[in-house]
Amino acid sequence: MLSAKRLFQEIIDNDESFRLFCSIAASGEAQGGWENGRIAALVPESQRALAPKITRHGADEDKHGRIFNALLRRRGLEPVEVPSETDYTMLLEARGIGLAHDKLRRDEPLTEHDIITYLVHSRVTEQRASAQMAMLCRYFGGDPLVGRSVRMISNDEDNHLAYCHEELLRLAAAGHGRTIQRSLKECALVEARVHRDVSLAVMAHMGRILGWSMARAALLAAGIHALYLFEWLGGWRRMVALRMPERRDALGGRATPAPEFA
């Protein structure tokens, strides 16, 4: 019988699949850390109060990358090159979601619209990350190998999501509501397609590593397509709703250190 817990347990138990999983995760987190660092440096004067929070966001992402690499080292494993078809962050950029890396490499201040684009992108992708980490916490929060790591990352992702809600609501109240809602829907629909494509690519790689049968691979692919259909038909709405979070000013302090993972 297939279940998410059994699937992830199989991936974690095998060195090669675990190596690929952690390498993909570490690469995405490192990219997110770089992006947030550049955005913090280029924040327009009208949004300067956001800079420390964006810096905190980037520091958290960098920390997550170190955590995944540390998990590899504990198993005596080295990272592998991430297949391009599994690179969620870069595939989103290629489809026009978020701020282009070319823009971030220039030393030109961003605009207020750019900040909205960044927060919209973060709102949607952090929803995905928060849900995925909550699932891993539910299944593996007590695991001696990965439990502490997934709990720490999950808490950070919840903070990031809360921050995006609060800041987007602030900007909506300042007159950007229609732009934000339109951008959120566009971003959510594209993200759902990219998530589907990346999930199919990752599962194809895992299937080859773990020797899955054609029937099992087909069943997993069908599940991924079914999730996408649900999101396309209306599940995307959970990615765009805005509500004031219980965690207020979630990124207002310093990043939580994780020296044992450095």
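G58 is found in helix 3. The structure described here is a predicted model.

**Packing of helix 2 with helix 3**

- Two packed helices are described by the angle between their axes and the distance between the axes.
- Helix 2 covers residues 15-42 and helix 3 covers residues 51-74; their axes come within 7 Å and cross at roughly 160°.
- Helix 2 and helix 3 are therefore roughly antiparallel to each other, since angles over 145 degrees are classed in that way.
- The handedness of this crossing of helix 2 and helix 3 is left-handed.
- In the contact of helix 2 with helix 3, the residues comprise 14 nonpolar, ten polar and four charged.

**Packing of helix 2 with helix 7**

- Helix 7 spans residues 147-210, and its axis comes within 13 Å of the axis of helix 2, with a crossing of roughly 155°.
- Helix 2 and helix 7 are therefore also described as roughly antiparallel to each other.
- For helix 2 and helix 7 the crossing is right-handed, whereas for helix 2 and helix 3 the crossing is left-handed.

**Aromatic pairs and cluster**

- Three aromatic pairs are present in the structure.
- One of them joins F21 and F68: the ring centres are 6.4 Å apart and the planes stand at 80°, so the pair is edge-to-face.
- This pair links distant parts of the chain, with F21 in helix 2 and F68 in helix 3, 47 residues apart.
- F21 has a relative accessibility of 23% and so counts as partly exposed, while F68, at 9%, counts as buried.
- Another pair is formed by Y139 and F140, whose ring centres are 6.4 Å apart and whose planes are at 80°; this pair is therefore edge-to-face.
- Y139 has a relative accessible area of 28% and is partly exposed, whereas F140 has a relative accessibility of 3% and counts as buried.
- One aromatic cluster is formed by F8, F21 and F68.

**Charges over aromatic rings**

- R138 places its charged end over the ring of Y139, at 5.1 Å from the ring centre.
- The ring of Y139 is also part of the edge-to-face pair with F140.
- R196 lies over the face of Y228, and the distance to the ring centre is 4.4 Å.

**Backbone geometry at D249**

- Most residues other than glycine have a negative phi.
- D249 has a phi near 50°, which is a positive value in a residue other than glycine.
- D249 is placed in the segment after helix 9, a helix that spans 237-240.
- With a relative accessible area of 41%, D249 is partly exposed.

How values were computed
Residues are numbered from 1 along each chain as its sequence is written. This is a predicted model: local features need pLDDT of at least 70, side-chain atom pairs count only at pLDDT 80 or more; totals for chains, interfaces and linings use all residues. Side-chain values use heavy atoms; hydrogens and water are left out. Axes are lines fitted to C-alpha atoms, for helices over the stretch in contact, and angles run from 0 to 180 degrees between N-to-C directions. Helices (H or I, at least four residues) and strands (E, at least two) are DSSP runs, numbered from the N terminus. Angles under 35 degrees count as roughly parallel, over 145 as roughly antiparallel, 65 to 115 as roughly perpendicular and the rest as oblique. A crossing is left-handed if the near helix is turned anticlockwise from the far one by less than a right angle, and right-handed if clockwise. Ala, Val, Leu, Ile, Met, Phe, Trp, Tyr, Cys and Pro count as nonpolar, Asp, Glu, Lys and Arg as charged, and the others, Gly among them, as polar. Rings of Phe, Tyr and Trp (its six-membered ring) pair if their centres lie within 6.5 Å; planes under 30 degrees apart count as stacked, over 60 as edge-to-face and the rest as tilted. Buried means under 20% relative accessible area, exposed over 50%, partly exposed in between (1.4 Å probe, protein chains only). A charge sits over a ring if NZ of Lys or CZ of Arg is within 6 Å of the ring centre and within 35 degrees of the ring normal.
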